[in-house]
Amino acid sequence: MNAVKNRKILVVEDSRLIHKMYEVMLRPATLVSAFDGREGLDKLSQSPDVDMIILDINMPKMTGLDFLGQVKATPALAKIPVIIVSTEGKEEDVARGLQSGAVAYLRKPFQREDLLKIVNHIESKQTAA
Ligand SMILES: [Mg+2]
């Protein structure tokens, strides 16, 4: 099982510790790192070829939901699957994230298997499409 091999994933997350966790969990994927929504948009303009985006909600400068809104409003980027991973776990938060265009919403804390299950699901849908 190595769905993330040869994959390029943008991680938009303000916690350095969680970035390090993703590096381990998603090895051997290529990760592009951003620490707030605005930096995420900058990184996307440099690397619009990312296969998916892992997105935090609570971040300085620009929140995950604002970032997601911008991505979905940009036709060249709108099809990139976005997985929200957040401590904001209430039903309304999840609903808002999915309505904003995320394909999945994972609550922190989470296990590596939970994340990989979502990533694999996205991969299989893309292969089938
Ligand atoms: Mg955060």
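Start the tour by selecting lysine 61, which has 13 C-beta neighbours inside 10 Å and therefore counts as partly exposed. The classes used here count other C-beta atoms within 10 Å of a residue's own: 20 or more is buried, 12 or fewer is exposed, and partly exposed lies in between, with C-beta atoms placed from the backbone. Lysine 61 sits in the loop between S3 and helix H3 (64-72). Its phi is positive, at about 70°, although lysine 61 is not a glycine.

Two notes on the model before moving on. The model is predicted, and local features need pLDDT of at least 70, side-chain atom pairs count only at pLDDT 80 or more, while totals for chains, interfaces and linings use all residues. Residues are numbered from 1 along each chain as its sequence is written.

**Whole chain**

Zoom out and show the cartoon. The chain has five helices and five strands. Both kinds of element are DSSP runs numbered from the N terminus: helices are H or I with at least four residues, strands are E with at least two. Traced from the N terminus, the order is β-α-β-α-β-α-β-α-β-α. The radius of gyration is 13 Å, close to the 14 Å of the globule rule for 129 residues, so the chain is as compact as a globular protein of that length. That radius is taken over C-alpha atoms, and the rule is 2.2 Å times the number of residues to the power 0.38.

Switch to the C-alpha trace: along its principal axes it spans about 35 × 30 × 30 Å. Of the 129 residues, 29% count as buried. Among contacts between residues at least 6 apart in sequence, 55% join residues at least 24 apart. A contact requires the C-beta atoms of two residues, placed from the backbone, to lie within 7 Å.

**The sheet**

Now select the five strands. They form an open sheet in the order S2-S1-S3-S4-S5, with parallel pairing. At the edges are strand S2 (30-34) and strand S5 (104-107), each of which pairs on one side only. From one strand to the next the twist averages 20°. Two strands pair if DSSP finds at least two bridges between them.

Go through the pairs:

- S1 and S2 run parallel and are joined by five bridges; valine 11 stands opposite serine 33 in S2. The chain passes from S1 through H1 to S2 in a right-handed β-α-β crossover. Right-handed means that, with the strands pointing away from the viewer, the path from the first strand over the helix to the second runs clockwise.
- S1 and S3 are also parallel, with four bridges; isoleucine 9 stands opposite methionine 52 in S3.
- Strand S4 (residues 82-86) pairs with S5 in the parallel sense over four bridges; isoleucine 84 stands opposite tyrosine 105 in S5.

Axes are lines fitted to C-alpha atoms, for helices over the stretch in contact, and angles run from 0 to 180 degrees between N-to-C directions.

**Methionine 52**

Return to strand S3 and select methionine 52. Is methionine 52 buried or exposed? It counts as buried because it has 23 C-beta neighbours inside 10 Å. Leaving aside neighbours within four places in sequence, methionine 52 is in contact with Ile9, Ile80, Pro81, Ile83 and Ile122. For a distance check, pick valine 85: from methionine 52 it is 33 residues apart in sequence and 13 Å apart in space, C-alpha to C-alpha.

**Backbone details**

Where are the cis peptide bonds to look at next? One runs from arginine 27 to proline 28, with omega near 5°. Proline 28 lies in the loop between H1 and S2. Another joins lysine 108 and proline 109, with omega about -5°. Proline 109 is in the loop between S5 and helix H5 (112-128).

Finish at asparagine 6, in the segment before S1. Asparagine 6 is not a glycine, yet its phi is positive at about 65°. With 10 other C-beta atoms within 10 Å, asparagine 6 is exposed.
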